[in-house]
Amino acid sequence: MTRVHNLGFPRIGHRRELKKATESFWAGELDAAGLEAQGAGLRERHWRIQQTCGVHLVPVGDFSFYDQMLDMSCTLGAIPPRYGFQGGQVDLATFFAMARGSATQPAMEMTKWFDTNYHYIVPEFHETMEFRLSSERIFQQVKEAQALGLEPKPVLVGPITYLWLGKEKDPEAEAHGELQHHHDGDACHGHGSPVGNACFDRLGLLPKLLPVYAEILAKLADLGVEWVQMDESALVLDLPAEWLEALDSAYAHLKAGRTPRILLATYFESVAEHAPRLRALPVAGLHLDLRRAPAQRDVFLQDYPADRILSLGVVDGRNVWRTDLDAALDLLKPAAQALGDRLWVAPSCSLMHSPVDLEQETELDAELKSWLAFAVQKLDETVLLARALDQGTEAVAAELENARRAVASRRSSPRIHNPAVDARLQALGSDDGHRAHAYPERAKAQSARFRLPPFPTTTIGSFPQTPEIRRARMEHRKGGLSDADYHRAMEAEIALVVREQERLGLDVPVHGEPERNDMVEYFGEQLAGFAFTRHGWVQSYGSRYVKPPLIFGDVSRPHPMTVEWARYAQSLTSRPMKGMLTGPVTILQWSFVRDDQPRERTALQIALAIRDEVQDLIDAGIGIIQIDEPAYREGLPLKRRDWDSYLAWASRAFRISAQIAPDDVQIHTHMCYSEFNDILPAIAAMDADVITIETSRSQMELLDAFATFNYPNEIGPGVYDIHSPRVPTIEEMVHLMEKAARVVPAERLWVNPDCGLKTRKWAEVTPALEHMVQATQEIRKRLA
């Protein structure tokens, strides 16, 4: 029998129950016992769903109240000393302080999980740190699943991946949160002078780490667990040789102890280049992602060990399109012939990147809905494929025919293609999108037009989305609030935000984006070629969930999207109002993208639509326009050999969107929570006049790379972390700006928060911005 397993299930709940529970806990409306009970209820429901679908091994440990990497840090006792952990079991207060910060300590750093829009909490490592088992959650959850009569498959982040995705930290600088980190295995390479004792190789911690992993595995074996899924997703990256050698020794060490059978899981890319090493590894099975890298199947089938399980992921865990089951069976059948019952079938990766259940969508039209599959439906597809292998395609003929009709319908639908969009792309030819003049000439024109002071202050765009704003939007959507009344409500919110920014003294205000539900969804709702769900939520980080649009066809802009709001906001102030747009690469990355044409082509279609909006903003008198690209780094292929191609079309798409701006129109972009050091030439090639970046959690470390590279344009390093409720002091911000001014010429520096303020409350935003403006006044005096 072909076994079906799942690498992970969406933890958020059908109705975002996890968000409601955690936010109630943070607000003091739910106690720890209540939060734990809510978590247990969600886990049981999710396991029962998987059991009903026909999954044989249910994942345990994929659930988290915030992030699975943070859970792993707590399990291993890797708690930064600044949180005052005294040993024993990590409690919820410490767990959430690490994730969100506390009244006295900043949060741990957060960055993107490979090339997804999910963010993980980055482990921090000290040269002399010790590890110890400090959380029983994984064992408690195994017992929960067993009590329900289920066969659990605990999911752990593997030791090599855990170390690789973490960062070195100087304990002497921890009081100031000054991180010194890297991802290249060389603790001092490419990051300027080391801080304190941070110049060490975190791989050297592996001998201390492995005994705790061995202890975890032994306890799982004692609980009767047969299989453990060890996620070593870092293997899809270009790891240095010494890290690959460490993989061998690590799993030899773990094999020597008492352990369940280990299924080593890889996903998001090919690991074919490591096939000989992985075939020889002392584990009981491997999982491969055949959606991203189908060619690796044959590489692994050659000389595959006779005592080893091979799990093949043939259902896309990261997109929403229905699987071509015939194509998937074509991938599986040679493996089934070669392996027999040693073949397992699974989704390509954890389904946490997919919405929960398509059956909730009652407003999608029947044709479009027939093209889709969410997490529950993806499990149905996976089980169906296993049945086809075991019983023959005749046993599932009706289901296969239904799938064929849906795939054919999508390919042939007239909704997919727009000849006018194709004609615009053809007209672009090889135009690289450069503006009429280079930055130095543009900077003179902009300086003459705006006459901004040194260290100009601004924000990234959004202001708090209050309950009143959300209620008005919901009432308008339901028909309880007329278009005119909704319009007046949003204008009132804009007026409030503009008045507050004038009171604060911000040099370049924004309109606050009260009318926007999401920075991608808002634009997608107004672009042709997009569709939207009501319940298609996925987790971005913590309690921040997003509802990505579906790009099913050619993209165009039927009408202006932001101009009316920007024009109104500008009428309220004499200061230059910043128009706010989302860039083509981010709209692409944060959507579920059609898979029937190259991503580059879709990105260029979006770029042309955004360019139309830029032109209309310029015509309305808006002289500063921000085109956000926080997902620019996220789209980078995982293999360096593929980087140049992506970066070429991604930077071109951005330039195309801004190309028509005259010299005295200042184009900004914003990037956050990514590692930019190795792609700075491509960021410079975007040729934005001003780039704002997240730097506060990393204590301005990113700026070292910008300075070393001699980034030619203006930079706004974030001076406070908006993802934490903590309000930083004036002196903290002054300290960060002084650090910034040491590596970037002061005349090219802006002052701003790390990111948009949408998720924060006014009680947090107002004092933080007051401190930011006061810090700017102080830095202007000090550096005058």
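My burial scale first: buried means under 20% relative accessible area, exposed over 50%, and partly exposed in between, with a 1.4 Å probe and protein chains only. The model is predicted, so I keep the cut-offs in mind: local features need pLDDT of at least 70, side-chain atom pairs count only at pLDDT 80 or more, and totals for chains, interfaces and linings use all residues. Residues are numbered from 1 along each chain as its sequence is written, and side-chain values use heavy atoms, with hydrogens and water left out.

**Entry 1: strand 10.** I take helices (H or I, at least four residues) and strands (E, at least two) as DSSP runs, numbered from the N terminus. How many residues of strand 10 are buried? I find 5 of the 5, residues 285-289, so strand 10 is largely enclosed by the rest of the structure. I checked both faces: Gly285, His287 and Asp289 are buried on one side, Leu286 and Leu288 on the other.

Next I looked up the neighbours, pairing strands if DSSP finds at least two bridges between them. Strand 9 (residues 261-265) runs parallel to strand 10, joined by 3 bridges. Strand 11 (residues 309-315) is also parallel to strand 10, with 5 bridges. Leucine 286 stands opposite leucine 310 in strand 11, and leucine 264 stands opposite leucine 286.

For handedness I set the strands pointing away from the viewer; a path running clockwise from the first strand over the helix to the second is right-handed. Strand 9, helix 9 (residues 275-280) and strand 10 form a right-handed β-α-β unit. The crossover from strand 10 through helix 10 (residues 296-301) to strand 11 is right-handed too.

**Entry 2: positive phi.** Arginine 451 is not a glycine, yet its phi is positive, about 50°. I place arginine 451 in the loop between helix 16 (439-450) and helix 17 (467-478). It is exposed, at 68% relative accessible area.

**Entry 3: salt bridges.** I count a side-chain nitrogen of Lys or Arg within 4 Å of a carboxyl oxygen of Asp or Glu. That rule gives 55 salt bridges. Arginine 292 and aspartate 115 meet in one of them, 3.0 Å from N to O. They lie 177 residues apart, arginine 292 in the loop between strand 10 and helix 10, aspartate 115 in the loop between strand 3 (110-112) and strand 4 (119-121). Arginine 292 is partly exposed at 38% relative accessibility; aspartate 115 is buried at 8%.
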